[in-house]
Amino acid sequence: MPQQIILINLEKPREKKLEHDINWLCNSFGLSSGRDTENIATQIVIDLLKQLATNEERVSSEKIAEDLEVTPSRINHHVRNLISAGLLYRERRALCLRGGSLKAAVREMRKDSDRIFDELEEIAEEIDRQMGLKNR
């Protein structure tokens, strides 16, 4: 499955409020963009964090669907996008936050983007060489 990391440079929330910070983080990764007018992806992240904070060992998409009063298929659609972005992963039928914390997940996503940029830079250098362009 191809990974898609979106970065949007948004102004940080002016006041410190947990929900605003989570919304900002999700919006900065483009997780609640496009047709997600109800911000289901962000709601999934919030619900997952709440469940993990209460020491839930296993967080299922069915439980999240129940909590958010949304169909499991709709939750799974957004979960696939969250997995593709690198924020979550599945372990059997459980959803897990990559690295075990939000900070660790962001660090892993940064490493992913660095690897993508390294590959892009390598190919770009080869294209420049073949086209006869000189690097400055």
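Visitor: Why is Ile44 counted as buried?

Guide: Ile44 has a relative accessibility of 0%, and because buried means under 20% relative accessible area (exposed is over 50%, partly exposed in between, with a 1.4 Å probe and protein chains only), Ile44 counts as buried. This is a predicted model, in which local features need pLDDT of at least 70 and side-chain atom pairs count only at pLDDT 80 or more, while totals for chains, interfaces and linings use all residues. Residues are numbered from 1 along each chain as its sequence is written, and side-chain values use heavy atoms, with hydrogens and water left out.

Visitor: Where is Ile44 placed, and what is it in contact with?

Guide: Ile44 belongs to helix α2, residues 40-53, where a helix is a DSSP run of H or I with at least four residues, a strand is a run of E with at least two, and both are numbered from the N terminus. Leaving aside neighbours within four places in sequence, Ile44 is in contact, that is, with heavy atoms within 4.5 Å, with Ile64, Leu68, Ile75, His78, Val79 and Leu82.

Visitor: What makes Asn76 buried?

Guide: Asn76, in helix α4, has a relative accessible area of 19%, and because this value falls under the cut-off for buried, Asn76 is buried as well. Not counting residues up to four places away in sequence, Asn76 touches Ser61 and Arg90.

Visitor: How do you know that β2 and β3 pair?

Guide: Two strands pair if DSSP finds at least two bridges between them, and four bridges join β2 to β3, so these antiparallel strands pair.

Visitor: What makes β1 an edge strand?

Guide: β1 (59-60) pairs on one side only, as does β2 (88-91), in an open sheet with the order β1-β3-β2. Val59 stands opposite Leu95 in β3.

Visitor: Which residues of the largest pocket are closest to its centre, and how are the lining residues classed?

Guide: Of the 14 lining residues, Leu31, Ser33, His77, His78 and Asn81 are the closest to the centre. The lining has four nonpolar, seven polar and three charged residues, where Ala, Val, Leu, Ile, Met, Phe, Trp, Tyr, Cys and Pro count as nonpolar, Asp, Glu, Lys and Arg as charged, and the others, Gly among them, as polar. A pocket is an open set of points on a 1 Å grid over the protein atoms alone, where a 1.4 Å probe fits, with protein on both sides within 12 Å along at least five of seven lines, and lining residues have an atom within 4 Å of a point.
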